[in-house]
Amino acid sequence: MSSCEPLPTSAASKQKASSESESDSDSSFPDHIQSLLNKYDVTTNGFLPEGPPLEVLPDEYYAPWEELIGRLPESLDAGTFREEADRLPILETDRLKTEGEWRRAYVVLCFFAHGYIWGGSRPSEILPPPISIPLLAVSSHLDLPPIATYASLNLWNFRCVPPPSSYLSGLLPPSPPLTPASSSSSPSLTSGSQQPTCAKFDPTDLSRLQTLHTFTGTPSESWFYLVSVAMEAQGAYIIPTMLRALQAIGQRSENWKETTTKALRELVKCVDAVGELLERMYEGCEPMVFYHRIRPFLAGSKGMSAVGLPKGVFYDLGPAAEGLGEEGEERVQGERRKGKWMAYRGGSNGQSSLIQFWDLVLGVEHVSAGNSSPHSGSGSGSGKKKEQQKLKPFHEEVREYMPLKHRQFLSLVSKMGRGKGGIRKAVMEMVEAAEQEGRELDGKESELQKAFQDATRALAGFRNKHLQIVARYIVIPSRQAVPEGMVRKMMGRGGGRGSDMEGKERKEEQRERVVNLATASSGLQLRKEGGKEDVKERAGPELTGTGGTALLPFLKQTRDETLKAGEVGR
Ligand code: HEM
């Protein structure tokens with residue numbers, strides 16, 4: 001299917017799904033559900049904003065940021081980004097007025113931070129004051145970590161354009177950025193758009209989405225972010241439906257079984273529709289470009305010893321005053337500086353609130369710490385197992401990377417229904433009650449049990465699709481030769497360890513580093529010795545998390561935990 005054909009999962013089905021619900025007499029959303037959604041910043045687009053993200057900071061004061069972000073891919077490609085970022089003025093954040101402006105500043109500064117850390121021949125372990133000072137202030141205001149997150153890369157990094165009659169060839173390139181100077185007179189500036197905006201803001205339609213920023217300027221990178229945007233929007237309508245079911249369960253309302261069954265059937269349709277969008281990743285994102293060019297920029301600073309960041313990144317706040325030993329001062333590269341070493345996960349779609357919402361509603365529990373440990377990679381045997389047990393589960397840990405209100409919303413959802421355990425708990429109690437009464441489930445109960453199992457299967461099916469994607473975009477490229485052009489691009493100009501290395505040796509060193517960087521995002525390493533490829537069981541190196549948990553087994557575990565949740569009353 002071309003990217004411009006109408007989506008089977010577009011606005012049409014989103015609206016259809018809602019109107020189907022609306023036609024049910026008991027299905028209008030009570031005011032308190034609406035006010036709950038408002039309170040936690042869950043919009044008609046789900047965890048995306050209600051309207052388009054701001055594209056330019058309106059105050060001219062921020063022109064130096066806007067100017068540089070506007071040509072980030074070119075600057076990175078030319079190998080000049082670090083120098084340019086070093087020369088930026090250290091801007092105050094007190095001119096940021098609205099939440100939209102704070103978010104915009106966060107998007108810009110996160111792109112700067114990752115461009116700076118990963119945009120050279122070696123990762124930079126120091127983030128200079130023009131980036132780190134405002135980034136720390138902005139992330140503290142938003143209560144987000146000072147690192148690229150799903151919010152900065154996806155949720156707040158897109159625009160919606162009119163139907164692409166003029167772009168029928170398919171993928172939309174990222175549009176030229178706006179500068180405050182070019183748009184300050186425009187009344188549409190604060191609503192964040194210079195392009196003609198959509199008649200209706202509809203982020204479910206991939207053909208009408210564009211990213212605001214990328215590191216590489218490639219259509220693959222835009223597509224990679226935009227697929228998630230469309231998925232989040234497509235999944236939005238199910239949120240109030242599921243809340244209503246959880247409330248009915250919690251209140252033990254007379255018709256809780258019917259309400260929940262209906263909601264679960266709707267959830268199956270929703271998960272399938274979102275899964276169809278996920279599979280559209282193949283249409284516009286090339287695996288080799290993703291693996292070698294895009295993914296390295298998404299890497300975090302946690303668990304990155306293998307690529308030269310053993311302590312994470314130093315957020316440099318400037319030279320320390322005379323005298324030694326003040327708190328918050330460090331000797332960094334021979335100089336006393338104010339600042340702090342920090343280590344965070346990289347940007348990941350695993351930070352999506354929508355998928356966690358589904359898990360919580362259903363009562364799916366995930367226990368694996370995934371590949372999150374920065375420190376235990378070299379451990380082995382039972383020691384490593386014990387360390388794994390001490391780690392926070394991946395899904396719990398990544399909540400800290402979600403916008404505050406969404407985090408709070410998920411925490412609230414986890415307690416709805418009959419306390420922790422979502423719909424699963426209610427279904428289990430129902431089955432146990434029938435067992436205790438020595439009877440079979442009645443018709444309504446059997447329907448609910450089946451609807452619940454179908455929903456967990458649908459979610460496991462979604463995770464299977466995701467596993468295939470991970471195999472195609474990470475596992476397979478990690479085992480193929482690095483294409484020439486990719487090495488050159490990744491190294492930037494003047495990259496590499498020096499001119500004394502030649503030919504094969506230099507190429508191999510570069511390949512290793514590129515592969516390490518590419519696998520390092522989220523703390524992965526390419527382990528060379530032994531192991532079997534676990535997708536198709538071919539011999540070859542094994543991708544592991546630094547916590548010792550192999551990547552594919554981790555994702556398979558999340559799928560199996562989903563399936564297991566569905567086993568009630570068998
Ligand atoms: C090229 C496309 C993609 C690749 C290569 C990919 C890769 C990965 C990897 C390596 C992980 C392990 C944890 C981590 O590194 O953070 C992960 C986890 C995850 N990804 Fe993706 N991903 C892709 C697209 C998506 C999309 C579009 C979504 C939807 C929002 C998504 C949702 C998730 C979720 C929810 C997890 C957590 C594990 C789970 O709950 O099953 N991924 N992904």
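Start by selecting His466: this residue is buried because 20 other C-beta atoms lie within 10 Å. The cut-offs: buried takes 20 or more other C-beta atoms within 10 Å of a residue's own, exposed takes 12 or fewer, and partly exposed is in between, with C-beta atoms placed from the backbone. Bear in mind that this is a predicted model, where local features need pLDDT of at least 70, side-chain atom pairs count only at pLDDT 80 or more, and totals for chains, interfaces and linings use all residues. Residue numbers run from 1 along each chain as its sequence is written.

Stay on His466 and show its surroundings. Beyond its neighbours within four places in sequence, His466 is in contact (C-beta atoms, placed from the backbone, within 7 Å) with Leu278 and Leu555. UniProt, in an unreviewed entry, puts a "binding site" feature at His466; positions there follow the numbering used here, feature names are shortened, and annotations may be inferred rather than shown by experiment.

Next, select residues 443–478. That's helix H20, where His466 is found. Zoom out and the chain shows 23 helices and eight strands, taken as DSSP runs numbered from the N terminus (helices H or I, at least four residues; strands E, at least two). Of the chain's 570 residues, 47% count as buried.

Now colour by pLDDT, the predictor's confidence in each residue, from 0 to 100. The chain averages 81, and 73% of the residues score at least 70. Select residues 1–27, where pLDDT stays under 50. Then try residues 544–549, also below 50. Where pLDDT is low, the predicted coordinates should not be read in detail.

Note on methods:
Two residues are in contact if their C-beta atoms, placed from the backbone, lie within 7 Å.
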